[in-house]
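Please look over the aromatic side chains with me. The numbered points below take them pair by pair.

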Amino acid sequence: MHYNEQNGNCYYQDADGSIIYYHEYSEYSSGDNLVYYYYIAEDGSGQKFEIIHNYDITNFGVEKNLITPDGLKISFFEELNPNKKFTKVRDTITNKEYIIEYIWNTEKIARVYDSVGNEAIFNYYTTGNQNLESITINRKNENNVLEIFKEIRFDYTNNQLTKTSHFYIDPETDELVNEGDNIFQYDTYNHLIDAKNSFDNGIHYSYHSSIKYKVSKVELYNYENSIRKNLSYFNINYQFQQTKFIDDLGNYVIYTFDNYGHTINIIDNKGNAQFYKYYDLFNNLPVDSRVVNWNLNHKVLHTSNP
């Protein structure tokens, strides 16, 4: 979770670059040196982000909590020492706790472990872009001793992930054995075009050349006697605020969107249809002093039956 100093909002960024903003809607002091700040997600999910500042000089710190609409609360505690940074993730529903240890002064994870002592060790290449090289998963055995359970290795070409290899421990030889690879291929624009596993099952992506390189076709395939065999496919056509999926049998589904990107209508070739109605969609004025409408205008008020 990050903080935007210009607009005073927190925001979360996914690995694909998608950003969800959290707008501050509440602040109060408990009177015992604790100040609470609450932020609500702008995507209408109802998810909240809580920041608790402890201004007690003997216990100064910051606690961050992610609170889901169903009451799940995941807490993040950052502890600093001269060499390491930690984040503690606590699931208050399952009462499970995980510690994430980072490489100092980076956002790279070095180790993740639970309260039992099971762990995942992250290793990185020391050259180039220092991408992730491997993840080793160690588990406690019946004698409470850590032993290797699994390992995943990553290979790159020109900074593109080209292969992941999964290894398990052979119980007879106690050695790592390769249980399969996943191979990835890209075009000259760095788009993923093919992903295939060791069993010759794969998926292939084609792209439109004129519509911002959006995906135009997805094909599932495998190999029989070294001959590639297409199992199924679907094409994707894009129009203004509308996307159409057509499978290899000619069946299709059309999705229609509003100016905000919400799905407002779905219809297929068999005549099935469904529409969605959203809260006060085109009003961006504050609803009250706490909640702005860009949170509520993602809220579905009504969904029709197909």
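This is a predicted model: local features need pLDDT of at least 70, side-chain atom pairs count only at pLDDT 80 or more; totals for chains, interfaces and linings use all residues.

1. Tyr-221 is buried, because its relative accessible area is 2%, under the 20% cut-off.

2. A pair of aromatic rings is described by how far apart the centres are and by the angle of the planes. Tyr-221 and Tyr-223 make such a pair, with 5.9 Å from centre to centre and 85° between the planes, an edge-to-face arrangement. A search of the whole structure gives eight aromatic pairs.

3. Phe-245 and Tyr-255 are also edge-to-face, because their planes stand at 85°, with the ring centres 5.8 Å apart; the angle cut-off for this class is over 60 degrees. The two residues are 10 apart and the pair links distant parts of the chain: Phe-245 belongs to strand β20 (residues 242-247) and Tyr-255 to strand β21 (residues 252-257).

4. Elsewhere, Tyr-22, Tyr-39 and Phe-49 are joined into a cluster by ring pairs.

5. Charged side chains also sit over rings. Arg-153 lies over the face of Phe-167, 4.0 Å from the ring centre. In the case of Tyr-233, the charged end of Lys-217 is over the ring, at 4.5 Å from its centre.

Terms used: Residues are numbered from 1 along each chain as its sequence is written. Side-chain values use heavy atoms; hydrogens and water are left out. Rings of Phe, Tyr and Trp (its six-membered ring) pair if their centres lie within 6.5 Å; planes under 30 degrees apart count as stacked, over 60 as edge-to-face and the rest as tilted. Buried means under 20% relative accessible area, exposed over 50%, partly exposed in between (1.4 Å probe, protein chains only). Helices (H or I, at least four residues) and strands (E, at least two) are DSSP runs, numbered from the N terminus. A charge sits over a ring if NZ of Lys or CZ of Arg is within 6 Å of the ring centre and within 35 degrees of the ring normal.
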